[in-house]
Amino acid sequence: MRIDPAGRVVRSTTIPHSETNRGTPIRTFLHTNDGVTIDSVYDPPAFVYEPAGPAPDASAPPSRDLAFVVAHGFTGDADRPHVRRVAEAFTQYGGVVTFSFRGHGASGGRSTVGDREVLDLAAAVEWARSLGHARVVTVGFSMGGSVVLRHGALYRPEGTPEGAAGAADGSGREGRTEAHSDAVVSVSAPARWYYRGTAPMRRVHWLITRPEGRLVGRYGLRTRIHHRDWNPVPLSPVEAVPRIAPTPLLIVHGDRDGYFPLDHPRMLADAAGDHGELWLEPGMGHAENAAPDELLRRIGDWAVGQGG
């Protein structure tokens with residue numbers, strides 16, 4: 001048993017993904033490269049396809065090979081109902097790791113609103129691989145959507161480009177290849193930093209930049225926000241996107257998103273070029289709460305299809 005940063009008792013284990021623990025969720029604290037504890041949950045696949053003969057579609061591996069790592073939006077956490085709904089949907093396709101970003105929920109540290117959160121995601125991806133999953137798809141929503149884009153650019157199968165890991169974790173070391181993603185899905189993400197063009201985003205900036213806003217975040221939203229400005233400013237989502245190739249990339253955005261209008265996903269898609277795919281969803285609002293179950297199923301199907 002372990003005591004989390006919020007004072008709760010949480011079971012901690014790293015049992016490998018196997019016949020003995022299939023169907024049993026696992027909860028633990030991961031440790032990032034900069035020493036932050038990240039509250040994390042693993043949900044095994046709801047089923048594992050093990051055909052008696054050849055698989056109907058040889059390009060689709062059994063679901064035991066695939067894991068989704070879900071990166072929630074700002075002020076979310078691994079226990080929020082909308083995050084649990086996303087996780088449940090994806091267990092129909094593979095294992096699922098959810099976690100609370102630093103400063104959120106029971107995780108340690110303070111939120112840097114998309115900067116050092118890339119280290120939290122890297123730790124979660126490594127954990128998914130340690131549980132026996134050969135393919136890992138990162139799926140991020142809103143702030144998490146920007147984080148999966150930067151993570152996809154910084155953590156590469158062939159190793160992180162020299163200097164990129166130092167920008168991410170201050171260590172100057174190259175990123176570990178087991179922390180890379182095999183496909184990236186970014187939902188409701190901004191294309192650029194410091195956007196204040198909508199009323200909801202102006203409220204978010206008040207929450208982040210004002211002392212009274214950070215108090216509301218801490219006591220009203222269970223989100224502890226760092227008071228320091230970014231220094232240096234991290235790679236923006238639109239700058240990160242071209243560096244993700246050739247890793248498969250899916251950009252999803254609702255045409256009724258009240259936070260980021262449609263110029264954001266279009267900028268990201270233009271930056272991705274031929275290696276990215278853009279889905280503009282009619283009638284959809286912003287992030288996890290607005291994502292219908294049917295969309296989550298299509299994302300699951302897309303992720304399975306990238307295994308060929």
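Over residues 1-21 the pLDDT stays under 50, and the model has 53 contacts beyond four places in sequence for this segment. The structure is a predicted model, and the mean pLDDT of the chain is 85, with 81% of its residues reaching 70 or more. The chain contains 10 helices and 10 strands, and 15 salt bridges are present in the structure.

**Confidence and overall build**

- A further segment in which pLDDT stays under 50 covers residues 161-175, for which the model has 24 contacts beyond four places in sequence.
- Of the 308 residues in the chain, 55% are buried.
- Among contacts in the chain with a separation of 6 or more, 74% are accounted for by residues 24 or more positions apart.
- The chain has an accessible surface of about 12900 Å², and carbon and sulfur atoms contribute 52% of it.

**Salt bridges around arginine 27**

- Arginine 27 forms a salt bridge with aspartate 39, in which the closest N and O atoms are 2.7 Å apart. This pair links distant parts of the chain, with arginine 27 in strand S3 (residues 26-31) and aspartate 39 in strand S4 (residues 37-43), 12 residues apart.
- Aspartate 39 has a relative accessible area of 1% and is therefore buried, whereas arginine 27 is partly exposed at 22%.
- A salt bridge also joins the side chains of arginine 27 and aspartate 79, with an N to O distance of 2.9 Å. Here aspartate 79 lies in the loop between strand S5 (66-71) and helix H1 (81-90), so that 52 residues separate the partners.
- Aspartate 79 counts as partly exposed, its relative accessibility being 33%.

**Other salt bridges**

- Aspartate 263 and arginine 192 form a salt bridge with their closest N and O atoms 3.4 Å apart. The partners are 71 residues apart: aspartate 263 belongs to helix H8 (residues 263-272), and arginine 192 to the loop between strand S8 (183-187) and helix H5 (199-209).
- Aspartate 263 is partly exposed, with a relative accessible area of 34%, and arginine 192 is likewise partly exposed, with 29%.
- A network of salt bridges links Asp34, Arg102, Arg116 and Asp120.

**Histidine 104 and threonine 75**

- Histidine 104 is located in the loop between strand S6 (95-99) and helix H2 (117-130). With a relative accessible area of 0%, histidine 104 is buried.
- Beyond its neighbours within four places in sequence, histidine 104 is in contact with His72, Gly73, Phe74, Thr75, Gly76, Asp77, Ser111, Met143, Arg222, Thr223 and Arg224.
- A polar atom of the histidine 104 side chain lies 3.0 Å from the backbone nitrogen of threonine 75.
- Threonine 75 is placed in the loop between S5 and H1. Although threonine 75 is not a glycine, its phi is positive, at about 75 degrees.

**Helix H5**

- Pro200, Met201, Val204, His205, Leu207 and Ile208 are the buried residues of H5. Viewed down the axis of H5, these residues fall within an arc of 160 degrees, so they line one face of the helix.
- The buried residues of H5 pack against helix H6 (211-220).

**Backbone geometry**

- Most residues other than glycine have a negative phi, and most peptide bonds are trans.
- Serine 188 has a positive phi near 60 degrees and is a residue other than glycine. Serine 188 lies in the loop between S8 and H5 and counts as buried, at 0% relative accessibility.
- The peptide bond from asparagine 231 to proline 232 is cis, its omega being near 0 degrees. Proline 232 is found in the loop between H6 and helix H7 (237-240).
- Alanine 245 and proline 246 are likewise joined by a cis peptide bond, with omega of about 5 degrees. Proline 246 has its place in the loop between H7 and strand S9 (249-254).

Methods
Residues are numbered from 1 along each chain as its sequence is written. This is a predicted model: local features need pLDDT of at least 70, side-chain atom pairs count only at pLDDT 80 or more; totals for chains, interfaces and linings use all residues. Side-chain values use heavy atoms; hydrogens and water are left out. A salt bridge is a side-chain nitrogen of Lys or Arg within 4 Å of a carboxyl oxygen of Asp or Glu. Helices (H or I, at least four residues) and strands (E, at least two) are DSSP runs, numbered from the N terminus. Buried means under 20% relative accessible area, exposed over 50%, partly exposed in between (1.4 Å probe, protein chains only). Contact means heavy atoms within 4.5 Å. Accessible areas come from the Shrake-Rupley method with a 1.4 Å probe; for residues, only the protein chains shown count as cover. pLDDT is the predictor's confidence in each residue, from 0 to 100. A polar contact is a pair of N or O atoms within 3.5 Å; within protein, one must be able to donate a hydrogen and the other to accept it, and residues adjacent in sequence count only if both atoms are side-chain atoms. The arc is that of the directions from the helix axis to the C-beta atoms.
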